[in-house]
Amino acid sequence: MNYPIPDSPQEIFALRQQPIDEELVASAIAGVIKIVRAQGQSLEELTAQLLADDSLLDQQQRRWLSQLVAQSWEKFS
């Protein structure tokens, strides 16, 4: 992978300066999982946050993202 897994929200935010590609998205997802676990949160808590209504993603996109994160969560176990 061309991008290291972020260790902090600031490092995830800094990824916004990079061109978006599959590896960048994978790195960001891995970083979120790493940070959430370090904070003692569960997959269910993260999923609830992903499924919360926002103006960035529609409901179908949020469901797809939460499924992708759940699959990634299991791979990092």
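## Helices H3 and H4

Helix H3 crosses helix H4 in a right-handed sense. The model described here is a predicted one. H3 covers residues 43-51, and its axis lies 9 Å from that of H4, at an angle of about 160 degrees. Because angles over 145 degrees count as roughly antiparallel, H3 is roughly antiparallel to H4.

On the H3 side, the residues in contact are Leu43, Leu46, Thr47, Leu50 and Leu51. They meet Arg62, Arg63, Leu65, Ser66, Val69, Ala70, Trp73 and Glu74 of H4. Sorted by class, this contact comprises eight nonpolar, two polar and three charged residues.

## Helices H2 and H4

Helix H2 spans residues 22-38 and helix H4 spans residues 59-75. The two pack with their axes 10 Å apart, at an angle of about 70 degrees. This angle falls in the range of 65 to 115 degrees, so H2 is roughly perpendicular to H4. The crossing of H2 with H4 is right-handed.

H2 contributes Ile29, Ile33, Val36 and Arg37 to the contact, while H4 contributes Leu65, Leu68, Val69, Ser72 and Trp73. The classes represented are seven nonpolar residues, one polar and one charged.

## Arg37 and the aromatic rings

The charged end of Arg37 is placed over the ring of Trp73, at 4.4 Å from the ring centre.

A pair of aromatic rings is described by the distance of the centres and the angle of the planes. In this model, a search of the whole structure returns zero aromatic pairs.

## Surroundings of Ala28

Ala28 is located in helix H2. When residues up to four places away in sequence are left out, Ala28 touches Ile12 and Leu15.

Ala28 and Gln67 are 39 residues apart along the chain, and their C-alpha atoms are separated by 15 Å.

Key. Residues numbered from 1 in each chain as written. Predicted model: local features only at pLDDT ≥ 70, side-chain atom pairs only at ≥ 80, totals over all residues. Heavy atoms only, no water. Axes fitted to C-alpha atoms, helices over the stretch in contact; angles between N-to-C directions. Helix = DSSP H or I, 4+ residues; strand = E, 2+ residues; numbered from the N terminus. Parallel < 35°, antiparallel > 145°, perpendicular 65-115°, else oblique. Left-handed = near helix turned anticlockwise from the far one by under 90°. Contact = heavy atoms within 4.5 Å. Nonpolar A, V, L, I, M, F, W, Y, C, P; charged D, E, K, R; others polar. Phe/Tyr/Trp six-rings, centres within 6.5 Å; stacked < 30°, edge-to-face > 60°. Lys NZ or Arg CZ within 6 Å of the ring centre and 35° of its normal.
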